[in-house]
Amino acid sequence: MASNATTVTKCPSPMKATSNGIFQGDNPLDFALPLVILQICLVVVLTRGLAFLLRPLKQPRVIGEIIGGILLGPSALGRNKNFLHTIFPSNSITLLDTIANIGLLFFLFLVGLELDIKSIRRTGKKALGIAITGICLPFALGIGSSFVLRETISKVWVLLSGCGFVIAAIVILSPVFKWMTKQCFQGEPVREIYICATLAIVLAAGFATDFIGIHAMFGAFVVGVLVPKDGPLVGALVEKIEDLVSGLFLPLYFVSSGLKTNVATIQGAQSWGLLVLVIVTACSGKIIGTFLVSILCKVPVREALALGFLMNTKGLVELIVLNIGKDRKVLNDQTFAIMILMALFTTFITTPLVIAVYKPARSAKIADYKHRKIERKNKNTQLRIMTCFHSAGNIPSIINLLEVSRGTEKDKELCVYAMHLMELSERSSAILMVHKARKNGLPFSIKGRRSDSNHVIVAFEAYRQLSRVFIRPMTAISSMSDIHEDICATAERKKTAIIILPFHKHLRVDGSLETTRSSIRVVNQNVLEHARCSVGILVDRSFGGTTHVSSSHVSLFVTVLFFGGGDDREALSYGIRMAEHPGIRLMVIRFFVEPEPSGEIVSADTVGNSPVKSVSQDDEFLSEFKHDTCKNDSIIYVEKTVRSAAEVMDTVQEMKNCNLYLVGRTPDIKATYILNRSDCPELGPVGNLLTSPNFPSLASVLVVQQYRSESLVNSASDSGDGESESA
C-alpha cells in the first residue's frame, strides 16, 4: 500500500557562540566561536603549507588557496563524513560564508585602492586596445552561455539602481575623501577617526549594493576607487587591514568555494571532454585575441605571447562569479567543478609559460663602454658607482662611503646611482608600489617625484644637495630571486664601474654579525656571478658612525691588504681614489706569502690570472703606485712576509683605529692556500678572516671583485687598464 506521508527535512539547530569548556561536559566543536577558530587555523596552515610547497614552481599563493579549498571539500578530505561533519558541519557553513564574504568585501576595497584611474589614462591607446580585445574575444566565444542565463536576468531596475549608486558615490563620497586626504599630512600618523569612518563607509556601501541586488563587494570596490591615491590615507588604510584580510579572512572564501566543489561529479568521457572544451575555449580566446592585437600594435612576438598568457590567468574574481552562479542555481555541481578546475589549470600554467617565452635579459642590449672597473690608466675619467640598499639602516654607512669616494672635488668626477631594493610580494602594498614604476617596468628614478613618499630616499636627496656629487636615487621592485637582473641590467645601462651591495649580516650590540635575511645573500651571489662590472660587498660595522659625517669632519683610516691578483688591484685602486680625500689616511700592506712546507702543494689558477702573469701585473701596478704617491704623507706603504693565517692576523691586528679594510675577493693563489676559509664564499678568504669571530675589530670591510671580460680571461696578455675590454 502506497504511503502518502511526506518527508520532513529538519533544519540544523543554530549554534551557541561559546562553550563552558570540556571540563564542564561541553564539546567545543559544537559551538560557533571555537569551531570557527579551528576552521581558520586549519585553513591558514593548509593553504600556507601548499603555497610553500608550490614556491619552487613560482606559483602564486592563490593556487595553494584554491587547491587547499578543494582538498578540504568533498573532493578529498570531505569524502570522510566524520571529518566533514566534525570540522565543517552544515550549521557552521553560514557563519563561515559570512566571515569569508566580509573578508572578500574588504579585499575588493583594497583592490579599489590599488586602481589608479590616472594611471589608466596614461597607459596609451596600445595598452587599451590590447585590454579591450583580450576581454571582447573570449566574451564573444562564451556568448552562448547567455542562453542558459536568460531566464535568471532581472528587470532594467538593478542596472539603473547600480548606475545611480555609482553616480551618488562620486557626488557624495569623492569630496568627503578629498577632504580627509587634505587633513592627513606626510610624516604624521593618520587620525583613527578617518580610518574608522572609511571602513564604516565601506560596509555601508556594501549594504547598499546588496540591497539593490548587486553583490556587496561592488560597493566596497567603488569606495576603494574613489579614495585619492596621492596622500598618506591610502597607505594607512592598506597597512591597517591588508594582513588581516589577505592572511586570515580571504582564504576562507577559497575554502567556501572548495566545500561546494566535488570533482567526483565529473564522470565519464563526456564530462571530461567538456572540461577540455571549456579549458581550450577559455585559453584560446584570451591568448589568441591578446596575441593578435599585440602583434598588430607592433609588440615583439615573445612579449605578445607573454601578454596573452598573463591575460589568461584566473583568480578571485572568477571564483566570485562562479559562486554567484552556483548560489543562484545557474551552475549545477558538475559545471561548477569543471569551471573551478579550469580556473585552477589556466592560472597554474601561467607562470611556467611566461618564464619560458619571456626573459627580459635576453633582449637587453649590452652597452659598449670600457670603464667597467675602477682600475684604469686615465684616473681623471668619471667614476660611476651603483650602491644598493634594502632599508634605512644601510643608508648612513653608504653615504659615508660615498663621501670618502669623492676624491678630489672636480666637477662631475663622481656619479652615483643609489638603488633601493624592494621585494615584490603578493600584498596590496606591493602592487601600490608598482604603480609608481615606469611603464616599461624597469627600475625607476624618483626625479620629479615627491621624495617624501619614500623616506629612505630623503637622505640621498639631502646629500646630493649638500655635496658636489651627482647622485640619482632609484627604486627596483622585484622578487628577491630575480632582483639581481634589475641590478645588473641597470648597472649596464648606467655604465657603472662598480656595484656596491650590503652584506647579508648586520652588526649586533655585542660586536658580532647576525644574519638579516638569507635571501639578501642569494642576491649578492647572483650579482657577483652575472654583473658585467666590478662588484663590492660592504660588511658594515657602522662605518663612519650612525650618521652622515660632513666633508670637513671626515677623519678615517683605511687599510688595503694586498696579496696580489686582479681583485686586489681593484681594491687598491679604490683605496687610491679614497686617499685623494683630505680626511683619509691610507695604509697599503703588501703581503709576500711563503707557505710553510706541509707535503705536496698542488698549484691552482685563479679565474683569468696565471701566477706569472698576475705577478708581472702586480709589480707594474705597485711600481706606478709607489712612484705616484711617494710624496703623499697621507699614504703609508709597507711590505710583510707571512707564512700562515695567524701571521696575517697578527699583522692586521697591529693596525690600530682602522675604520675600513679594502680587500680583494680572490687574492693570489698562495694567499688562498694559507687563508683557507670559506664560510662565506662571496667574501673570499681574506674577507672571511676579517669578519670571523676570532678577529676583534669593529672596522668595516669592503670586499671587491674586479670585472674580467671573457676576452681578458682567455687572453695570455693583459694591458692592465681595461682599454681592450670587449662589450
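Guide: Helices (H or I, at least four residues) and strands (E, at least two) are DSSP runs, numbered from the N terminus. The model is predicted, so local features need pLDDT of at least 70 and side-chain atom pairs 80 or more, while totals for chains, interfaces and linings use all residues. Residues are numbered from 1 along each chain as its sequence is written, and side-chain values use heavy atoms, without hydrogens or water.

Visitor: OK, how many salt bridges does the structure hold?

Guide: There are 11, counting a side-chain nitrogen of Lys or Arg within 4 Å of a carboxyl oxygen of Asp or Glu.

Visitor: What does E65 pair with?

Guide: R61, with the closest N and O atoms 3.5 Å apart. Both sit in helix α2 (residues 61–72), four residues and about one helical turn apart.

Visitor: And is E65 buried or exposed?

Guide: E65 is buried, at 4% relative accessibility, whereas R61 is partly exposed at 21%. Buried means under 20% relative accessible area, exposed over 50%, and partly exposed in between (1.4 Å probe, protein chains only).

Visitor: Now R569. Which side chain does R569 meet at 3.5 Å, N to O?

Guide: E375, in a salt bridge. R569 is in helix α22 (residues 566–579) and E375 in the loop between α16 (360–363) and β1 (383–389), so the pair ties together parts 194 residues apart in sequence.

Visitor: What forms a salt bridge with R569 at 2.8 Å?

Guide: D618 does. That residue is in helix α23 (residues 611–629), 49 residues from R569. D618 is buried at 2%, R569 at 3% and E375 at 6%.

Visitor: Switching to α9, which residues are exposed there?

Guide: E192, I193, F207, D210 and F211. Among the buried ones are Y194, I195 and T198.
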